[in-house]
Amino acid sequence: MKAVKRWIALLMVLSLLCVPFVVEAQEPTLQTTLSADKQELSVGSTVRLSVTLSGDRPYQAFGFTVIYDADVLTFVSGADCQAQPERGMVLYASVGNELSKTAELTFMARSAGDTVIKVEQVCLADHDIYEAPSASVSISVQPLAGGDVNGDEFFDTADLVLMKKNLAGLINALPVDQADLNKDGTVDTADLVLMKKCLAGLL
């Protein structure tokens with residue numbers, strides 16, 4: 001009887017040794033970083049967003065949704081992006097075996113106002129899908145400033161005529177503080193387009 005008990009005890013020990021140890025998988029450490037090259041801009045100028053998704057190991061897929069106010073901003077460009085302007089959304093999805101992925105998106109200010117751009121529904125994936133933190137950045141768009149290129153204290157079609165002549169090389173340079181409507185440091189056709197829109201009451 002004692003021998004049987006010893007045999008049973010030995011079998012129990014062996015069975016315990018054969019049971020694989022189960023190690024609980026740790027949740028990955030994920031990070032979302034959102035930055036803007038400027039947080040204050042004027043109507044007609046652009047802002048570039050940089051969104052970086054990173055994890056503690058390589059991931060095969062990265063994705064997020066950008067939410068913005070379509071009355072204040074217009075989506076201009078971004079690789080691997082699908083715009084839904086009627087909903088004020090941009091969808092981003094990219095693949096690659098990488099520790100992190102950075103996306104660059106450009107928006108243009110279409111009207112004055114304070115707004116917030118949000119990055120939501122952030123996820124990274126390998127054999128599973130993991131949700132990363134959301135992020136946001138505040139943007140302040142100032143009304144269009146300048147336009148009085150002839151210095152008569154009025155902004156009208158006379159200024160538009162001078163602007164066209166200047167860009168055609170028919171007259172000397174105009175005052176930059178008035179001619180550079182989008183405040184990008186250069187007087188060019190983008191400023192002429194803004195001038196036309198402003199005079200037409202579209203801005």
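Helices α2 and α4 are roughly antiparallel to each other (angles over 145 degrees count as such). The model is predicted, with local features requiring pLDDT of at least 70, side-chain atom pairs counting only at pLDDT 80 or more, and totals for chains, interfaces and linings using all residues. Residues are numbered from 1 along each chain, and side-chain values use heavy atoms, without hydrogens or water.

Helix α2 spans residues 157-167 and helix α4 residues 189-199. Helices here are DSSP runs (H or I, at least four residues), numbered from the N terminus. The two pack at an angle of about 165°, and their axes lie 10 Å apart. Axes are lines fitted to C-alpha atoms over the stretch in contact, and angles run from 0 to 180 degrees between N-to-C directions.

From α2, the contact draws on Thr157, Asp159, Leu160, Met163, Lys164 and Leu167. From α4, Thr189, Asp191, Leu192, Met195, Lys196 and Leu199 take part. Contact means heavy atoms within 4.5 Å. The contact residues comprise 6 nonpolar, 2 polar and 4 charged.

Asp191, Leu192, Leu194 and Met195 of α4 are buried (under 20% relative accessible area, 1.4 Å probe, protein chains only). These residues cover an arc of only 160° around the axis, which puts them on the same side of α4. The arc is taken from the directions from the helix axis to the C-beta atoms. The cover over the buried residues of α4 includes α2 and α3 (176-179).

Ser50 lies in strand β3 (residues 46-67); strands are DSSP runs of E, at least two residues. Ser50 counts as buried because its relative accessibility is 16%. Leaving aside residues up to four places away in sequence, Ser50 touches Thr33, Leu34, Ser35, Thr102, Ala103 and Glu104.

How values were computed:
Parallel < 35°, antiparallel > 145°, perpendicular 65-115°, else oblique. Nonpolar A, V, L, I, M, F, W, Y, C, P; charged D, E, K, R; others polar. Buried < 20%, exposed > 50% of the residue type's maximum accessible area, 1.4 Å probe, protein only.
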